[in-house]
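The sequence and the structure are shown first.

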Amino acid sequence: MFLISIAIIIFDQNYIILSAGHYINDILEPFENLISKTRNFLFFWQSALFNIKMLKEANVRLASENLELYGKLKNLYLIEEENSDLKKQLNLLERSIDVKRAEIISRDYQNNRTFVINKGAHDGVTNNMAIIAKGDIIIGQVVDAGYSTSKVRTILDVQTKIAATTLNSRTTGLVRGLGSDIVFELIAKNKNPERGELIISSGTDGTWPHGFIIGKVGEIKNDRVFSSATIEMLVDIKDLINIFVIINK
Amino acid sequence: MIKWFKSFSLVLKTLFFLLLISFQLSFLNYLNISFDLILIFIIFLAITQSNAETLVCAWLSGVFVGTSYLSGSGMLSLLLLFIALFLIMIRKTAFFTLKIENIILLSIIAVFLQRFLIWAFFGVSPITNWVGFITELTITPLILVLIFNSSKNQTLKRINV
């Protein structure tokens, strides 16, 4: 068994070993689906019961914010119409993305660096596809697409690197995973990102799609050559249940 | 509970094994303060079952659980194999009897060993989630004591090695 384990480590990209891993995932998938549905049901009602007061207050606040947003939505609609007309006049293509909704059915132990979703090659998912949450927030990337399940590496993982830029000040840099957090680094000294500014993927690395939200600029630290900033993530990966796979860009 | 587990057929044991793995991956891993049911299972097997069964189950657990981890099945199966071997060795040399103190000590040693090996193999320090570490250190011996306490009526006061 030691020798088999060592062989698996050495030849982990071998077709036979990858296929065996996919078959094992396919065997576990129905159990994981059932248990994850049960978990979602239990957690939903547990959260509802324990947070009744908080939910009521949030409801009142959201109703008021909703009214303000209706006004902004009306203006946005007018701007979008105008934008669409201008694009037609200039013969520019509309940006469109195809997404596929998936559910997280298992994750690694006490970390948020990887999870498994219930969509695979059978559903059109392939390696290197980006994973986003509601609100166009980047969560991770598919690293191993099986037949009906896929393994996703989250942006928290140390192997994740995303070319990014800030929305307002247009400060470019690199977002890198640290294991339990992410950091925005390689910021030029003459650039001054604002705290709280949104960081989006720039798409210049050819791996990640352009224009998706990564987080907000946190504390900025000035180093000798470059500056860096912590990133406040907008979603807690631990709390995610449903995500979207970008099938095409 | 030990007699109940021993009486399972191979099919039922396989089903139990798959449910255990799925429950760990799909339910317990969602909780910030959780524990490792797979480790508890390996400690249970190391105490009650044959060495071969313990090693095979530990290895298979690593292979199955590793499919959900980035590091893959090889590293995790090696890790669990080391833990199972270590538990078998120290059970043979130090923990002969099924006393509560021995079970608690064995579980604590297993948790520490697992955390150390995870740090060595995957670079994940136990301090990253120290609350989870403390919880696991508390819950693992507790669950094992409950399991073995429920088998009190059976004459398993001494395990012959």
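## A nonpolar patch on chain A

In this predicted model, the residues Phe41(A), Leu42(A), Phe44(A) and Trp45(A) make up a nonpolar patch on the surface, and together they have about 470 Å² of accessible area. One of these residues, Phe44(A), lies in helix H2 of chain A, which covers residues 15-50. Phe44(A) counts as exposed because its relative accessibility is 52%, where the cut-off for exposed is over 50%.

## Positive phi angles

Most residues other than glycine have a negative phi. Asp136(A), although it is not a glycine, has a positive phi of about 60°, and its place is in the loop between strand E3 (130-133) and strand E4 (137-145) of chain A. With a relative accessible area of 35%, Asp136(A) is partly exposed.

Leu186(A) is a residue other than glycine with a positive phi, near 60°, but its place is in strand E8 (residues 182-187) of chain A. Leu186(A) has a relative accessible area of 44% and is partly exposed.

## The interface of chains A and B

At the interface, 43 residues of chain B are in contact with 37 residues of chain A, and the two chains bury about 3500 Å² between them, with 70% of this area on carbon and sulfur atoms.

On the side of chain B that touches chain A, at least two residues each come from helix H2 (10-26), helix H4 (51-66), helix H5 (73-93), helix H6 (100-122) and helix H7 (130-149) of chain B. H2(B) gives the most to this side, with nine residues.

How values were computed
Residues numbered from 1 in each chain as written. Chains lettered and ligands numbered in written order. Predicted model: local features only at pLDDT ≥ 70, side-chain atom pairs only at ≥ 80, totals over all residues. Heavy atoms only, no water. Patch = residues over 30% accessible without salt bridge, like charges linked within 9 Å, V, L, I, M, F, W, Y side chains within 5 Å. Areas by Shrake-Rupley, 256 points an atom, 1.4 Å probe, with all protein chains shown as cover. Salt bridge = Lys/Arg side-chain N within 4 Å of Asp/Glu carboxyl O. Helix = DSSP H or I, 4+ residues; strand = E, 2+ residues; numbered from the N terminus. Buried < 20%, exposed > 50% of the residue type's maximum accessible area, 1.4 Å probe, protein only. Contact = heavy atoms within 4.5 Å. Buried area = accessible area lost by both parts, 1.4 Å probe.
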